[in-house]
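The following note sets out, point by point, what a reader may look for in the structure shown below. Please read each point with the structure in view.

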Amino acid sequence: MDRGEESSENLLGELIRRQRELAELSMRQVAAMAGISNPYLSQIEHGLRAPSADVLETIAATLGVPAEMLRPRTNDDDHGSDDNHDHEEDHEPGEHASLIAAISADSGLTVRQRRALTEIYTAMTEATAARRSRRSS
């Protein structure tokens, strides 16, 4: 596994852990609700295993967050066409997840405020991705 993969998996695990803590759920509770083993969830949170797309969606649903919030961004997410940028510069992979992690870690916000910011940011990035996808079709 290269450093880029390792850091994105650690970021994924960190995002899951933070969302689990925001939801005030134990690892055992989330594992049981998601239908996976507690050791497997622990390995995911520690970046030792990467969950399948189905498991990631189940974990997201269990935590009450959009699955997109937990998915690390890749270079392919933006389709790379120069004529369909909504921003003046490209964003690095994992930037979305990093921002979500920063919001989740901000102790200056209440749980409700963190959740609202996360939902708004995710909705905006999904809308932008959908627009870009339509343009490239």
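**Notes on the helix packing and the core**

1. In this predicted model, the axes of helix 2 (residues 27-34) and helix 4 (residues 53-63) come within 9 Å and cross at roughly 120°. An angle from 65 to 115 degrees would count as roughly perpendicular; helix 2 and helix 4 are therefore described as oblique to each other. Helix 2 passes helix 4 in a right-handed crossing. On the side of helix 2, the contact is made by Val-30, Met-33 and Ala-34, and on the side of helix 4 by Thr-58, Ile-59, Thr-62 and Leu-63. Sorted by class, this contact of helix 2 with helix 4 has 5 nonpolar residues, 2 polar residues and no charged residues.

2. Helix 2 also packs against helix 3, at an angle of about 110° and with the axes 9 Å apart. Because angles of 65 to 115 degrees count as roughly perpendicular, helix 2 and helix 3 are described as roughly perpendicular to each other. The crossing of these two helices is right-handed. Met-27, Arg-28, Val-30 and Ala-31 of helix 2 make the contact with Asn-38, Leu-41, Ser-42 and Glu-45 of helix 3. By class, the contact of helix 2 with helix 3 has 4 nonpolar, 2 polar and 2 charged residues. Val-30 should be noted here: this residue takes part in the contact with helix 3 and in the contact with helix 4.

3. Glu-24 is found in the loop between helix 1 (3-22) and helix 2. As background, most residues other than glycine have a negative phi. Glu-24 has a relative accessible area of 67%; since a value over 50% counts as exposed, Glu-24 is exposed.

4. For the chain as a whole, there are 7 helices and 0 strands. Read along the sequence, the pattern is α-α-α-α-α-α-α. Of the 137 residues in the chain, buried residues make up 34%. Among contacts between residues at least 6 apart in sequence, 60% join residues at least 24 apart.

5. The largest nonpolar core has 25 residues. Those with the most contacts inside this core are Leu-15, Ile-16, Ile-36, Leu-41, Ile-59, Leu-63 and Leu-70. Two or more residues are given to the core by each of helix 1, helix 2, helix 3 (38-45), helix 4, helix 5 (67-70) and helix 6 (95-105). Which helix gives the most to this core? Helix 4 does, with 5 residues. Ile-59 and Leu-63, listed among the core residues with the most contacts, also belong to the contact of helix 4 with helix 2.

6. Not counting residues up to four places away in sequence, Leu-70 touches Leu-12, Leu-15, Ile-16, Gln-19, Leu-56, Ile-59, Ala-60 and Val-65. One of these partners, Gln-19, is found in helix 1. Is Gln-19 buried or exposed? Gln-19 is buried, with a relative accessible area of 4%. Gln-19 and Leu-70 are 51 residues apart along the chain, and their C-alpha atoms are separated by 9.3 Å. With residues up to four places away in sequence again left out, Gln-19 touches Leu-63, Val-65, Met-69, Leu-70, Ile-100 and Ser-104.

7. The axes of helix 6 and helix 7 come within 9 Å and cross at roughly 165°. That makes helix 6 roughly antiparallel to helix 7. The crossing is right-handed. His-96, Leu-99, Ile-100, Ile-103 and Ser-104 in helix 6 meet Arg-114, Leu-117, Thr-118, Tyr-121, Thr-122 and Thr-125 in helix 7. The residues of this contact divide into 5 nonpolar, 5 polar and 1 charged.

8. Leu-117 lies in helix 7 (residues 111-136) and is partly exposed, with a relative accessible area of 38%. Leaving aside neighbours within four places in sequence, Leu-117 is in contact with Ile-103 and Leu-109. Leu-117 and Ile-100 are 17 residues apart in sequence, and their C-alpha atoms are 8.7 Å apart in space.

Key. Residues are numbered from 1 along each chain as its sequence is written. This is a predicted model: local features need pLDDT of at least 70, side-chain atom pairs count only at pLDDT 80 or more; totals for chains, interfaces and linings use all residues. Side-chain values use heavy atoms; hydrogens and water are left out. Axes are lines fitted to C-alpha atoms, for helices over the stretch in contact, and angles run from 0 to 180 degrees between N-to-C directions. Helices (H or I, at least four residues) and strands (E, at least two) are DSSP runs, numbered from the N terminus. Angles under 35 degrees count as roughly parallel, over 145 as roughly antiparallel, 65 to 115 as roughly perpendicular and the rest as oblique. A crossing is left-handed if the near helix is turned anticlockwise from the far one by less than a right angle, and right-handed if clockwise. Contact means heavy atoms within 4.5 Å. Ala, Val, Leu, Ile, Met, Phe, Trp, Tyr, Cys and Pro count as nonpolar, Asp, Glu, Lys and Arg as charged, and the others, Gly among them, as polar. Buried means under 20% relative accessible area, exposed over 50%, partly exposed in between (1.4 Å probe, protein chains only). A nonpolar core is a set of buried Ala, Val, Leu, Ile, Met, Phe, Trp, Tyr and Cys residues joined through side-chain atoms within 4.5 Å.
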